Amino acid sequence: MKLSLLLLTLTVSGASAFAPAANHKQTTSTFGSTRLSAVDDKKEVREYFNTEGFSRWNKIYSDSDEVNSVQMDIRDGHGQTIQKILSWVEADGDITGKTVCDCGCGVGSLAIPLATMGAKISASDISDSMANEAARRAKEVGITDANFYTSDLESVEGKYDTVTCVDVAIHYPTEKMAEMVGHLCSLADNRVMISFAPKTWYYTILKKIGELFPGPSKTTRAYLHEEEVVVAALKKAGFAVARDEMTATNFYFSRLLEAKRV
């Protein structure tokens, strides 16, 4: 499902995008004013990444040459975010034998290298296709003890030393973001690593521009999040930001936070 959380792909055709999907139903309040209806984001994401989205993103997060320049840019941006996490872990030098829960693991871009570093991996994705592909890729490189399974984020249970959630929050509406962060923290004994599309005036404008180009490939909604809201949710759960990074390419924008329990 790892649709680059911060990849606000604001492009016209061919590339995956996160502008609101077209043709969503509307509802009318008791006062007659029209407002956007509540969209079942979870259902949309699950269906998208089990069908068209899986085919597209499986190519982006691979070595395939069957990608356009925008998708290649997204691949690079996502790869930079993954490498920043791995660099933090490598610098700490203590991941061997530690439990890691990767929520929204996609095709295993983070979970697999962490497993090769000695971490005990439990990785989930809302998409059967993504989770199965991650398991296949892990087996292909000789990883046999990592657990890949299908689950939405809210249903993940257990206790782990580290919980990661990379490029997933873009699917969560603002009003659900704090709750999602709180749940991730409830799973972590030590630290949480989370990335999200930052809500700034600049990225907000880019997102609005992207919405001017509706197309059949824009099948999931994209949500930007204020860093203050994420930090406040972490603090409420008993965590404090220890390290942070920002990745920005032409079509991928991702704020990465590592928070530790205090």
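In this predicted model, helix α6 (residues 174–187) and helix α8 (residues 227–236) pack at an angle of about 40 degrees. Angles under 35 degrees count as roughly parallel and 65 to 115 as roughly perpendicular, and α6 and α8 are therefore oblique to each other.

**α6 and α8**
- The axes of these two helices are 9 Å apart, and α6 passes α8 in a right-handed crossing.
- On the α6 side, M177, A178, V181 and C185 make the contact, while α8 brings V230, A233 and L234.
- The residues of this contact comprise 7 nonpolar, no polar and no charged.

**α1 and α2**
- Helix α1 (residues 41–50) packs with helix α2 (residues 52–60) at an angle of about 65 degrees, and their axes are 3 Å apart.
- From α1, the residues Y48, F49 and N50 meet E52, G53, F54, R56 and W57 of α2.
- Here the contact residues divide into 4 nonpolar, 2 polar and 2 charged.

**Nonpolar cores**
- The largest nonpolar core holds 26 residues, and C103, V163, L184 and I194 have the most contacts inside it.
- Elements giving two or more residues to this core are β3 (99–103), β6 (160–165), α6, β7 (188–196), α8 and β9 (253–261).
- Helix α6 gives the most, with 6 residues.
- Leaving aside neighbours within four places in sequence, V163 is in contact with C101, C103, L184, L187, A188, R191, V192 and M193.
- Another core, of 24 residues, lies apart from the largest one and includes L86, A115, I121 and A138.

Methods. Residues are numbered from 1 along each chain as its sequence is written. This is a predicted model: local features need pLDDT of at least 70, side-chain atom pairs count only at pLDDT 80 or more; totals for chains, interfaces and linings use all residues. Side-chain values use heavy atoms; hydrogens and water are left out. Axes are lines fitted to C-alpha atoms, for helices over the stretch in contact, and angles run from 0 to 180 degrees between N-to-C directions. Helices (H or I, at least four residues) and strands (E, at least two) are DSSP runs, numbered from the N terminus. Angles under 35 degrees count as roughly parallel, over 145 as roughly antiparallel, 65 to 115 as roughly perpendicular and the rest as oblique. A crossing is left-handed if the near helix is turned anticlockwise from the far one by less than a right angle, and right-handed if clockwise. Contact means heavy atoms within 4.5 Å. Ala, Val, Leu, Ile, Met, Phe, Trp, Tyr, Cys and Pro count as nonpolar, Asp, Glu, Lys and Arg as charged, and the others, Gly among them, as polar. A nonpolar core is a set of buried Ala, Val, Leu, Ile, Met, Phe, Trp, Tyr and Cys residues joined through side-chain atoms within 4.5 Å. Buried means under 20% relative accessible area, exposed over 50%, partly exposed in between (1.4 Å probe, protein chains only).
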